[in-house]
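Have a go at each one before you read its solution.

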Amino acid sequence: GGAHLRGGVAVAVAAAGRTLCAVTAGFRGVADPRPILPATPMPLLELSAVMPVLLLHALVGAGRLSLDTRVGDVWPAFCCHGKGALTVSDALERRVEARLDLPMAWLQKPESVSDLRRRWAAVAGAKL
């Protein structure tokens with residue numbers, strides 16, 4: 001059995017809009033012993049969140065921006081729909097994303113999340 005497993009993983013490789021390989025292993029969690037399957041929703045973006053945070057802190061450390069810099073000062077398209085006062089600090093402390101009117105990333109297909117132009121447009125146009 002797999003009673004000793006406490007979590008699961010899903011890994012997919014996509015190129016040119018096609019899924020080339022999808023592999024899953026483990027269980028949904030301690031309270032949910034169902035196996036992870038290719039159709040099981042997984043938090044896509046959590047694994048890559050550390051890099052943007054490190055890069056923003058590097059820019060702050062280099063004096064290129066501050067934690068009080070308004071996001072709209074470096075990304076003017078972001079200012080619409082009441083987001084003009086939000087700062088880099090707000091973004092780093094994740095006070096922004098939960099308030100944006102966006103579909104949850106883990107419910108989206110990897111192709112749509114990895115399309116950078118689509119993601120930029122969605123975040124910039126989202127209502128607060």
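**Exercise 1.** Work out what span the 12 residues of α1 should have, and check the ends.

Solution. Helices here are DSSP runs (H or I, at least four residues), numbered from the N terminus. The expected span is 1.5 Å times one less than the number of residues, so α1 should span 16 Å. Its end C-alpha atoms are 16 Å apart, which agrees. Just after α1, Gly63 takes a positive phi of about 80 degrees.

This is a predicted model, where local features need pLDDT of at least 70, side-chain atom pairs count only at 80 or more, and totals for chains, interfaces and linings use all residues. Residues are numbered from 1 along each chain as its sequence is written, and side-chain values use heavy atoms, leaving out hydrogens and water.

**Exercise 2.** Find where confidence is lowest and highest.

Solution. Start with pLDDT, the predictor's confidence in each residue, from 0 to 100. The protein chain has a mean of 79. Helix α4 (residues 110-114) is lowest, at a mean of 62, and helix α2 (residues 71-74) is highest, at 92.

Conventions:
Helices (H or I, at least four residues) and strands (E, at least two) are DSSP runs, numbered from the N terminus.
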